[in-house]
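Good morning, colleagues. Please look at the sequence and the structure on the screen.

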Amino acid sequence: MKPFDKPIYVTRPFLPPIEEFTQGLQEIWDNEWLTNNGPVLQRYTRQLSHYLETDNVCLFNNGTLALQIGLQGMGITGEVITTPFTFVATTHALHWNKIRPVFVDIEPDHYTLDPAKVEAAITPWTTAILAVHVFGYPCRHAELEDIARRHNLKLIYDAAHAFGVTIDGKSIAHYGDMSMFSFHATKLYHSIEGGLLTFQDAGYKQTFDYLKNFGFKNEIEVVMPGTNAKMNEFQALMGGLVLQHIDGIIEKGKAIEAAYREGLAGVPGIRFVPQVPSKVRYNYGYMPVEVDEKEFGMSRDQLYMELKKFNVMTRRYFYPLVSDFACYRNVQIQDPLTVARGVAERILCLPSYSDLEIKTVAGICDQIISINK
Ligand code: T4K
């Protein structure tokens with residue numbers, strides 16, 4: 001089999017028609033207003049509120065600072081129970097708030113926190129659960145919420161991957177005390193870079209607004225030591241435009257996933273996650289598979305290298321586990337993280353993005369099959 005002429009990356013940003021963007025640039029030029037809560041950001045905030053059906057939204061320049069500020073603004077301290085199977089920014093946000101991460105295991109189907117392990121890890125110092133809707137798969141919310149309520153803990157979601165996901169027709173933003181969405185260019189929905197907090201308690205809004213703007217209340221009053229985490233007008237413009245295409249982006253993702261499931265059906269050692277329950281509208285932002293070395297006849301890392309030779313740039317999200325990075329190796333872990341360790345060794349994210357042609361997906365499947373022979 002021949003390699004692809006050009007690299008096929010794990011993702012590519014959705015770009016709206018350039019005329020839509022240049023029209024928006026003209027508006028920004030006319031306004032002569034580039035950042036600091038400008039008119040395009042204000043309009044975008046209203047659009048997101050409408051889309052998510054909540055007024056409790058706050059935009060940031062990226063998801064990491066959104067989460068960091070969210071934790072700070074909610075006053076989270078002590079220990080927070082979280083997952084090691086995530087992008088490192090989840091844990092960094094805790095670290096920057098001087099919060100001790102307590103890593104517990106994930107469940108094997110959709111890789112989200114295992115509620116039984118969460119409950120077992122609670123100590124007198126635990127103040128919150130920070131769960132991740134990893135790859136956009138919803139956490140086991142009812143169980144986590146029950147634990148949080150019984151132990152008086154805050155339930156916070158890193159929903160970086162979950163924009164567009166709904167449960168029973170309601171946005172996933174409505175679950176938990178607070179959720180953070182990343183709008184980075186590598187996400188299925190993006191604003192070049194960007195982050196969003198959604199929250200149930202409207203009282204947080206003021207604090208988050210202060211914290212992202214140096215703590216300024218007005219020109220002469222600073223009420224808390226904030227930072228600079230504001231979204232600018234160009235990001236807001238892109239976010240607003242991409243939002244108009246979100247349904248099409250999700251539909252395309254669904255077709256891509258179906259093509260992978262069909263193209264790789266019956267290939268020994270390639271495991272797909274079970275379909276999400278019918279009450280969930282999934283967003284198809286990632287295309288993870290697990291590679292079982294014994295059954296497939298080669299390790300995940302070998303397949304990753306072989307696909308590179310075909311110009312297919314898969315990614316091992318999320319390997320190594322965050323708890324194995326040098327900066328977190330000193331964190332004491334009670335849980336053996338057996339499931340997470342296994343998944344991190346087997347996981348491979350295949351290319352998936354809205355410009356990816358179905359025939360290219362079929363080609364990638366054929367390559368995987370040919371490598372396997
Ligand atoms: N929590 C979770 C669970 C997260 O996954 C993330 C971010 C965060 C929190 C923090 O949110 P942000 O602060 O980022 O908003 C990428 C992203 O940089 C990161 O946003 C994302 N998660 C993570 C899962 O993936 P890398 O290091 O893999 O990105 P990079 O530059 O290698 O890009 C991947 C591929 O995407 C490239 O090989 C090609 C393609 N690409 C990338 C960019 C930036 C393009 O085609 N065009 C582009 O402009 O981290």
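Two remarks on the basis come before that. The model is predicted, so local features are given only at pLDDT of at least 70 and side-chain atom pairs only at pLDDT 80 or more, whereas totals for chains, interfaces and linings use all residues. Residues are numbered from 1 along each chain as its sequence is written, and side-chain values use heavy atoms, with hydrogens and water left out.

Let me begin with the sheet. Helices (H or I, at least four residues) and strands (E, at least two) are DSSP runs, numbered from the N terminus. Two strands are said to pair if DSSP finds at least two bridges between them. Seven strands form an open sheet with mixed pairing, in the order β2-β10-β9-β6-β5-β3-β4. At its edges lie β2 (57-60) and β4 (100-103), each of which pairs on one side only. From one strand to the next, the twist averages 20°; axes here are lines fitted to C-alpha atoms, for helices over the stretch in contact, and angles run from 0 to 180 degrees between N-to-C directions.

Within this sheet, β3 (residues 79-82) and β5 (residues 126-132) run parallel and are joined by four bridges. V80 has A128 of β5 as its bridge partner. Helix α6 (residues 141-151) packs on the sheet, where it touches β5 and β6 (154-158), and its direction makes about 145° with that of β6. Contact means heavy atoms within 4.5 Å.

I turn now to helix α8. How many of the eleven residues of α8 are buried? Ten of the eleven residues in α8 (233-243) are buried, where buried means under 20% relative accessible area, exposed over 50%, and partly exposed in between (1.4 Å probe, protein chains only). Among them are E233, Q235 and the run from A236 through L237 and M238. The buried residues of α8 pack against α1 (18-31), α2 (39-52) and α9 (246-263).

Next, the cysteines. The structure holds zero disulfides, a disulfide being a pair of cysteine sulfur atoms within 2.5 Å. C349 is in no disulfide, and the nearest cysteine sulfur, that of C365, is 15 Å away. C349 is buried, at 1% relative accessible area, while C327 is partly exposed at 47%.

Finally, the backbone. Which residues does a cis peptide bond with omega of about 5° join? That bond joins Y317 and F318. Another cis peptide bond, with omega of about -5°, joins Y319 and P320. F318 lies in the loop between β16 (312-313) and α12 (338-346), and P320 is also placed in the loop between β16 and α12.

Two residues other than glycine have positive phi values: K98, near 60°, and I192, about 75°. K98 sits in the loop between α4 (89-96) and β4 and is exposed, at 75% relative accessibility. I192 sits in the loop between β9 (178-182) and β10 (195-199) and is partly exposed, with a relative accessible area of 36%.
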